[in-house]
Amino acid sequence: MARNVVISGGGTGIGLAAARAFAESGDRVLLLGRRAEVLEKAGVGDVCLRVRTGPD
């Protein structure tokens with residue numbers, strides 16, 4: 001069963017590594033962070049990650 005995972009600071013480093021690991025195991029991942037360009041770059045690749053940018 002897929003889980004919903006929210007990771008704050010998921011654009012780089014250990015947060016991104018954790019996000020990819022969760023996504024590869026079939027979980028739905030939402031990344032949060034301060035820099036939109038970093039989050040958008042993190043969400044592109046062989047694993048689909050949901051990325052939310054902006055104040056709302």
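The structure is a predicted model, in which local features need pLDDT of at least 70 and side-chain atom pairs count only at pLDDT 80 or more, while totals for chains, interfaces and linings use all residues. Residues are numbered from 1 along each chain as its sequence is written, and side-chain values use heavy atoms, with hydrogens and water left out.

**Overall fold**

- The protein has two helices and three strands; helices (H or I, at least four residues) and strands (E, at least two) are DSSP runs, numbered from the N terminus.
- In sequence order the pattern is β-α-β-α-β.
- Of the 56 residues in the protein, 30% are buried, where buried means under 20% relative accessible area, exposed means over 50%, and partly exposed lies in between (1.4 Å probe, protein chains only).
- Contact means heavy atoms within 4.5 Å; among contacts between residues at least 6 apart in sequence, 41% join residues at least 24 apart.
- The accessible surface comes to about 4,000 Å², and 54% of it belongs to carbon and sulfur atoms; the areas come from the Shrake-Rupley method with a 1.4 Å probe, and for residues only the protein chains shown count as cover.

**Strands 1 and 2**

- Strand 1 and strand 2 run parallel and are joined by five bridges; two strands pair if DSSP finds at least two bridges between them.
- Ile7 stands opposite Leu31 of strand 2.
- From strand 1 the chain passes through helix 1 to strand 2 in a right-handed β-α-β crossover, meaning that, with the strands pointing away from the viewer, the path from the first strand over the helix to the second runs clockwise.
- In a regular strand the side chains alternate between the two faces of the sheet.
- In strand 2, Val29 and Leu31 form the covered face, and Arg28, Leu30 and Leu32 the uncovered one.

**Nonpolar core**

- A nonpolar core is a set of buried Ala, Val, Leu, Ile, Met, Phe, Trp, Tyr and Cys residues joined through side-chain atoms within 4.5 Å.
- The largest one has nine residues, among them Val5, Ile7, Val29 and Leu31.
- Strand 1 (4-8), helix 1 (13-24), strand 2 (28-32) and helix 2 (36-42) each supply at least two of its residues.
- Helix 1 gives the most to this core, with three residues.

**Asp27**

- Asp27 lies in the loop between helix 1 and strand 2.
- Asp27 counts as buried because its relative accessibility is 8%.
- Polar contacts join the side chain of Asp27 to those of Arg3 (2.8 Å) and Ser25 (3.2 Å).
- A polar contact is a pair of N or O atoms within 3.5 Å; within protein, one must be able to donate a hydrogen and the other to accept it, and residues adjacent in sequence count only if both atoms are side-chain atoms.
- Beyond neighbours within four places in sequence, Asp27 is in contact with Met1, Ala2, Arg3, Val5 and Phe22.

**Glu40**

- Glu40 is in helix 2 and counts as partly exposed because its relative accessibility is 44%.
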